[in-house]
Amino acid sequence: MTVVEFLTDPWQLPFMQRAFAVAAITGLVCGVVGVYVVLRGMAFIGEAVSHSAFPGVALAYAFQGNLLLGGALAGLTTSLLIALVSQNRRLKEDTVIGVFFSCAFGLGIVLVSTQDSWSTDLSSFLFGQVLAVGPEDVWTAAGLGVVLVTVVLLLSKELVAVSLDRETARAAGLPVMRLDLILYAVVTATIVMSLEAVGNILVLSLLITPAAAARMLTERLWAMTLMASLFGGTGALAGLYVSYAYDLAAGGSIVCVLTALFALTWCLAPRHGLLARARRRRGETRRPVGEQAVAT
Amino acid sequence: MTTVEPLLQARDVSVVLGGRTAVEDTRLTVRRGDLLGLLGPNGAGKTTLLRAALGLIPLASGEVLIDGLPPGRARHLVGYVPQRHEFAWDFPIDIAGAVLSGRTRSIGWLRRPRPADRAAVDEALELVGLADLRRRPIGELSGGQRQRVLVARALASDPQLLLLDEPFTGVDIPTQELLGDLFGRLAADGKGLLMTTHDLAAAARTCTRVALLNRTVVAEGGPELLADPAQMLRAFGLDTAIGATREGRAA
């Protein structure tokens with residue numbers, strides 16, 4: 001098989017075309033939204049939301065409703081419950097998150113188990129079903145993706161101000177709480193739209209890993225956003241190629257490719273990577289940037 | 001002629017935090033031209049008083065007025081410089097971007113910064129001596145440079161009243177001097193500044209007035225107040241301890 005064949009072959013199949021489209025869109029949107037998840041330290045919350053979307057998806061499936069809508073409602077309900085219960089300062093927020101997301105996940109499994117064909121359904125929820133998406137799913141993903149990216153870009157100035165310093169943002173009169181809720185809602189919607197591509201367990205990878213890789217490479221928010229969306233989109237495509245060529249699970253392949261990309265940047269990033277750090281340590285005559293700054 | 005309202009007026013302010021009275025019946029006034037140093041031991045309520053003045057926490061009693069207005073309606077008049085650890089220094093943004101974030105509110109929703117916003121950032125960077133480093137990522141700055149970024153961010157919104165929380169703590173000497181001079185000039189220009197500190201020397205050097213706080217204002221006056229040991233002991237809660245031992249002996 002030549003390289004050209006390797007690249008063009010899968011595109012002959014309509015189901016692969018749709019898979020490519022959904023994977024690329026999902027990767028791109030996750031990259032953009034993931035920037036804030038990484039910078040705000042929301043990884044655990046993302047995990048919680050993705051798991052808590054599960055019972056909603058299961059319920060929607062059981063009653064033949066809209067899976068996206070069901071997942072979004074369940075995810076939002078759980079986030080709000082977490083926000084509410086963690087107002088009681090006796091418990092730390094991560095504890096409350098731990099209670100709720102495992103509960104939601106258990107509830108989802110119980111709901112799925114009421115169905116006859118539950119084991120196959122369960123695996124498609126957990127690990128994605130990107131090879132089985134229909135044409136309407138492509139359009140839903142594209143439409144939702146445009147909305148989510150637009151919201152993030154339009155609010156980036158405010159999101160930056162709040163991320164930098166909540167107290168001062170609040171003192172300046174920014175509606176910090178409402179901006180938080182919007183960000184949570186965007187993260188929830190992104191996670192739910194990604195369920196088809198990589199499933200409930202792996203969605204966090206699509207959200208976090210491209211943004212983390214981008215963070216290794218740049219000190220500029222716009223560059224980080226651009227790179228994260230590029231990594232997410234191309235990584236998802238590359239993962240699908242691997243999955244097609246070697247007959248491997250699609251969601252898992254996507255995650256593995258993204259993680260390999262992250263590992264590469266972690267080692268090879270020009271300033272903050274493993275090699276660059278090692279080189280600096282060896283050549284101690286040139287002092288690291290941090291120390292130069294302190295000296296001024 | 002209308003009377004000139006003080007920029008900041010705290011009238012009998014009490015704040016209760018988690019069941020504990022952090023600030024009690026405190027009166028404080030900052031007029032134009034004032035550089036008021038707020039001194040006191042840890043836990044004296046200095047930061048709490050600043051946050052109350054910013055309208056960030058509810059008052060148990062009393063009121064705060066900024067130029068005659070409640071804090072919620074005077075946000076455009078106030079610049080806030082929090083302690084350095086309140087800021088996300090690992091965020092991927094350069095100095096100019098961080099300073100521009102101080103104008104987020106005045107730029108407005110869905111709008112991009114205009115030339116006037118850029119000019120305000122340039123001017124603020126010029127004032128704190130960071131104009132040459134405007135493109136440097138904030139993660140690579142020293143403590144003194146970080147402090148200057150926070151001051152520039154507050155100045156970028158062109159505030160009349162500047163509230164500063166420990167601006168001299170852990171900061172190198174050149175930055176202390178630069179900021180001290182800058183604060184003095186701002187006050188001379190008719191702005192009002194309120195600054196918490198536990199650095200007596202810096203306060204004595206830079207402030208036009210000082211107030212000693214220990215849950216409430218125990219003394220207020222010119223910087224020469226800091227040379228009075230009895231006042232200082234009272235502010236730092238040592239006189240009661242001494243008094244108690246004396247009473248104990250007498251009994």
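Visitor: Is B:Asp12 buried, partly exposed or exposed?

Guide: Welcome! This is a predicted model, and B:Asp12 sits in strand β1 (residues 8–17) of chain B. A residue counts as buried with 20 or more other C-beta atoms within 10 Å and as exposed with 12 or fewer. B:Asp12 has 13 C-beta neighbours inside 10 Å, so the class is partly exposed.

Visitor: What is the phi of B:Asp12 near?

Guide: Most residues other than glycine have a negative phi. B:Asp12 is not a glycine, yet its phi is positive, near 50 degrees.

Visitor: Where does B:Glu166 lie, and is B:Glu166 buried or exposed?

Guide: B:Glu166 also has a positive phi, about 50 degrees, without being a glycine. Its place is the loop between β6 (161–165) and α6 (173–188) of chain B. Since 20 C-beta neighbours lie inside 10 Å, B:Glu166 counts as buried.

Visitor: Over in chain A, how are helices α2(A) and α7(A) arranged?

Guide: Helix α2 (residues 14–39) and helix α7 (residues 135–154) of chain A have axes that come within 9 Å and cross at roughly 15 degrees. Angles under 35 degrees count as roughly parallel. The two helices, α2(A) and α7(A), are therefore roughly parallel.

Visitor: What is the handedness of that crossing, and which kinds of residues make the contact of α2(A) with α7(A)?

Guide: The crossing of α2(A) and α7(A) is left-handed. On the α2(A) side the contact includes A:Val22, A:Ile25 and A:Val29, and on the α7(A) side A:Ala141, A:Gly145 and A:Leu148 are among the residues. Sorted by kind, the contact has 14 nonpolar, two polar and two charged residues.

Visitor: How many residues does each chain bring to the contact between chain A and chain B, and which element of chain A gives the most?

Guide: Chain A contributes 27 residues and chain B contributes 23. On the side of chain A, two or more residues come from each of α8 (156–164), α9 (166–171), α11 (221–246) and α14 (289–295). That side divides into 13 nonpolar, six polar and eight charged residues. The element that gives the most, with six residues, is α8(A).

Visitor: How far apart in space are A:His272 and A:Thr218?

Guide: A:His272 lies in the loop between α12 (250–268) and α13 (274–282) of chain A. With 16 C-beta neighbours inside 10 Å, A:His272 counts as partly exposed. Along the sequence A:His272 and A:Thr218 are 54 residues apart, while in space their C-alpha to C-alpha distance is 9.3 Å.

Technical notes:
Residues are numbered from 1 along each chain as its sequence is written. Chains are lettered from A and ligands numbered from 1 in the order in which they are written. This is a predicted model: local features need pLDDT of at least 70, side-chain atom pairs count only at pLDDT 80 or more; totals for chains, interfaces and linings use all residues. Two residues are in contact if their C-beta atoms, placed from the backbone, lie within 7 Å. Helices (H or I, at least four residues) and strands (E, at least two) are DSSP runs, numbered from the N terminus. Ala, Val, Leu, Ile, Met, Phe, Trp, Tyr, Cys and Pro count as nonpolar, Asp, Glu, Lys and Arg as charged, and the others, Gly among them, as polar. Axes are lines fitted to C-alpha atoms, for helices over the stretch in contact, and angles run from 0 to 180 degrees between N-to-C directions. Angles under 35 degrees count as roughly parallel, over 145 as roughly antiparallel, 65 to 115 as roughly perpendicular and the rest as oblique. A crossing is left-handed if the near helix is turned anticlockwise from the far one by less than a right angle, and right-handed if clockwise.
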